[in-house]
Amino acid sequence: MALTDSKIRAAKTFVKSYKLTDAQGLYLLVSTSGSRLWYFRYRFGGKESRLAIGAYPQVTLAEAREKRDAARKLLASGICPSLPRESEKTAVDESRTFKHIATSWHTSSLRLWSESHAYKVLTCLKRYAFPDIGEMDIAEVETRHLAQLIKAIDDKGVHDVAGRMRQYLTKIMRHAVQQGLIKYHPAFDLGGVVTPIVAQHLPALPLKRLPELLRNLYNYKGQTLR
């Protein structure tokens, strides 16, 4: 059954990513963080592959279908749609991807962390960051990408995880600046994305009751020593 915009907007996030199938190889991958990415699945040379088309809603349903149809025309002409084109710099240098830079930052921080903490940080990045922006050129990662990623986590109610992810992203992008890969730090403007956690304070103890409590404590300790 063909997709509709209303069906896409109503799609919920789950603990695992899943596909919303359109037609003729086009589908939308809904990730655990809430992002929606278009892909075109095809076969070429007897092997199955897929072509990344873009993110919804930046790439609309109609535009995704147009790109799918263009890819199908290339296949009909014996051309693989995933081959890089000289006129379009679509290929991203692996050493410049967000995933590569994040992994580099993680490795450089291992001496400062315990083994368990290092595992938690990497697991968090693999689950929430890499599926959405892992393959992006680090210079193409903007504040809106980071904000969307964090907000998707925060909307699930895990505000502490969203807060930690904001810290990780800030440090990763600072690492990229220090390495000379980017000039602008896109994580500086993420204030207000995470819902603040309201601390629950216990009621203050009246000072006039302090002598009474100390006497009771003294008497209690005296009884336990006998």
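I take a residue as buried under 20% relative accessible area, as exposed over 50%, and as partly exposed in between, using a 1.4 Å probe and protein chains only.

**Entry 1. Basis of the model.** I worked on a predicted model, in which local features need pLDDT of at least 70, side-chain atom pairs count only at pLDDT 80 or more, and totals for chains, interfaces and linings use all residues. Residues are numbered from 1 along each chain as its sequence is written, and side-chain values use heavy atoms, with hydrogens and water left out.

**Entry 2. Confidence.** I looked up pLDDT, the predictor's confidence in each residue, from 0 to 100. Its mean over the chain is 83, and 81% of the residues reach 70 or more. Over residues 85-91 the pLDDT stays under 50, and the model has 2 contacts (heavy atoms within 4.5 Å) beyond four places in sequence for them. Where pLDDT is low, the predicted coordinates should not be read in detail.

**Entry 3. Inventory.** I counted helices (H or I, at least four residues) and strands (E, at least two) as DSSP runs, numbered from the N terminus. The chain has 7 helices and 4 strands. From the N terminus on, their order is α-β-β-β-β-α-α-α-α-α-α. Of the 226 residues, 33% count as buried. Among contacts with a separation of 6 or more, 50% come from residues 24 or more positions apart.

**Entry 4. The sheet.** I treated two strands as paired if DSSP finds at least two bridges between them. The 4 strands form an open sheet in the order 1-2-3-4, with antiparallel pairing. Strand 1 (18-21) and strand 4 are at the edges with a single partner strand each, so one side of each lacks a neighbour in the sheet. On average, neighbouring strands are turned by 35° against each other, direction ignored. For such angles, axes are lines fitted to C-alpha atoms, for helices over the stretch in contact, and angles between N-to-C directions run from 0 to 180 degrees. Helix 2 (residues 61-76) packs on this sheet and touches strand 2, strand 3 and strand 4, its direction making about 15° with that of strand 3.

**Entry 5. The hairpins.** Strand 2 (residues 26-30) runs antiparallel to strand 3 (residues 36-44), and 5 bridges join them. I found Leu26 opposite Phe40 of strand 3. This hairpin has 5 residues between its strands, and Gly34 in the turn has a positive phi of about 100°. Strand 3 also pairs with strand 4 (residues 47-56), in the antiparallel sense over 9 bridges. Here Tyr42 stands opposite Ser49, and Phe44 stands opposite Lys47. With 2 residues between the strands, this hairpin includes Gly45, which takes a positive phi near 65°.

**Entry 6. Helix 3 against helix 4.** I found that the axes of helix 3 and helix 4 come within 11 Å and cross at roughly 170°. That makes the two helices roughly antiparallel, a label for angles over 145 degrees. Residues making the contact include Phe98, Ala102 and Trp105 of helix 3 and Val121, Leu125 and Phe130 of helix 4.

**Entry 7. Helix 6.** Helix 6 (residues 159-178) has 20 residues and reaches 29 Å from its first C-alpha to its last, close to the expected 28 Å; the expected span is 1.5 Å times one less than the number of residues. Its buried residues include Val161, Met165, Tyr168, Leu169, Ile172 and Met173. Helix 3 (98-108), helix 4 (115-133) and helix 5 (143-154) are among what covers them. After helix 6 comes Gly180, with a positive phi near 80°.

Technical notes. Angles under 35 degrees count as roughly parallel, over 145 as roughly antiparallel, 65 to 115 as roughly perpendicular and the rest as oblique.
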